[in-house]
Amino acid sequence: MKPSGRTYNLIIMTKYIVYSVFSILLLCTACEKTLFKLKYPDTPIGNFEALWNEFDQLYGLFETRNVDWDEVYVEFRPQISDDMNEKALYEVLVEMLKTLDDSHAALIPVGTDFEQYIGGPGGRIDTVQDFNLEVVKENYLREPKEAGYFMLHDWIAEDVGYIHIYGFSDGEEQFAEETAICLDALKDAKAIIIDIRGGYGGEDIAGKTIASQFTMERRLYMTTKVKNGVGKNDFAEPEEWYIEPSGDFQYTKPVFLLTNRQTLSARETFQLAMMTLPDITMVGDTTAGGFSNQINRELPNGWAYSLSIGDWRTPDGTSYEGRGIPPNVLIQNKRSDLLEGKDEVLEKALELAQ
């Protein structure tokens with residue numbers, strides 16, 4: 001028996017967290033670690049130098065985020081000495097990473113009881129309490145149905161549909177199938193509300209797959225470039241991302257996209273795709289502003305970390321990295337309203353859709 005949507009969502013999120021940590025450890029092979037230790041000894045200074053230099057060579061967003069990494073070195077290197085303890089080292093490394101304010105920059109102090117650090121709004125998720133899917137299901141939906149593993153759909157009014165996307169994991173075929181199920185059920189709706197608040201990021205291809213069932217023509221929505229050298233401006237040639245008609249049915253009537261400060265990563269690149277549609281309205285709060293892919297590495301002491309390696313932009317060259325995508329209609333839910341079963345963001349979208 002397939003678990004309920006709420007239970008499955010928790011399972012998916014847990015698997016995603018475990019998978020991410022596991023991937024960090026897996027990608028750091030024994031060979032790489034040995035090479036790392038030849039260059040950087042397992043000392044506080046060695047670990048600091050390893051982290052700073054890896055970011056210096058591989059990080060793709062210094063210019064976009066307006067960070068002078070050399071000045072960061074000048075500020076934090078004097079705070080490191082080989083007689084400092086693990087806790088002190090961890091605190092300095094975290095403070096250094098905070099200068100990036102990047103949700104894809106993380107430090108996981110494996111083998112300690114220190115909390116893992118995740119930068120940017122993504123690391124402040126616990127302070128964002130403006131969305132609860134259970135409030136939506138219990139107070140606004142009629143008979144919500146799971147399309148599969150990643151999407152839920154229902155009628156929220158007589159002629160307005162609602163789709164919630166739990167996450168954007170791997171599985172292009174699965175997302176194409178679930179999108180088709182949702183749109184087939186809601187094809188007579190005069191408007192559809194798509195809710196991408198909450199949850200996690202994932203793979204850009206998932207958002208591309210979903211958005212391709214909402215367009216009747218090929219549309220360029222994003223260009224991406226990744227680091228391919230140690231110089232700060234060493235990038236591969238940009239890759240262009242398009243959506244184009246897909247599936248047996250494309251929904252081209254008004255769409256209202258709900259976002260908040262937790263809307264991050266692949267959720268945001270999905271939003272870039274949807275923004276190219278002629279009848280899209282974004283309602284809610286500004287997104288997190290964390291677009292780039294990340295890679296996972298390991299310090300000489302075994303601590304794991306991640307960093308952004310690319311530069312993701314709109315077709316006209318606009319970067320929302322570090323600042324997020326602003327909505328067309330700004331509405332911020334209050335925690336007190338949610339506790340009373342009220343979702344003002346959803347209600348505003350419904351008002352606009354009717």
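User: Why is Asp-101 called partly exposed?

Analyst: Asp-101 has a relative accessible area of 31%. Buried means under 20%, exposed means over 50%, and partly exposed is in between, with a 1.4 Å probe and protein chains only. So 31% puts Asp-101 in the partly exposed class. A word on the basis: this is a predicted model, where local features need pLDDT of at least 70, side-chain atom pairs count only at pLDDT 80 or more, and totals for chains, interfaces and linings use all residues. Residues are numbered from 1 along each chain as its sequence is written, and side-chain values use heavy atoms, with hydrogens and water left out.

User: What makes the phi of Asp-101 worth a look?

Analyst: Phi there is near 50 degrees, a positive value in a residue other than glycine. Most residues other than glycine have a negative phi. Asp-101 sits in the loop between α5 (86-98) and β1 (106-108); helices (H or I, at least four residues) and strands (E, at least two) are DSSP runs, numbered from the N terminus.

User: And Asn-66, why is that one called exposed?

Analyst: Its relative accessible area is 71%, so Asn-66 falls in the exposed class. Asn-66 also has a positive phi, about 55 degrees, without being a glycine, and belongs to the loop between α3 (44-58) and α4 (69-76).

User: How do you know that His-164 is buried?

Analyst: The relative accessible area of His-164 is 3%, so the residue counts as buried. His-164 lies in strand β5 (residues 160-165).

User: Why is helix α8 described as largely enclosed?

Analyst: Six of the eight residues of α8 (residues 204-211) are buried, so the rest of the structure largely encloses this helix. Among the buried ones are Asp-204, Gly-207 and Ile-210. Their cover includes β5, α7 (172-185) and α9.

User: What makes a set of residues a nonpolar core, and which residues have the most contacts inside the largest one?

Analyst: A nonpolar core is a set of buried Ala, Val, Leu, Ile, Met, Phe, Trp, Tyr and Cys residues joined through side-chain atoms within 4.5 Å. The largest has 38 residues, and Ile-165, Ile-194, Phe-214, Phe-270 and Met-274 have the most contacts inside it. Helix α9 (residues 266-274) gives the most to this core, with five residues.

Methods. Contact means heavy atoms within 4.5 Å.
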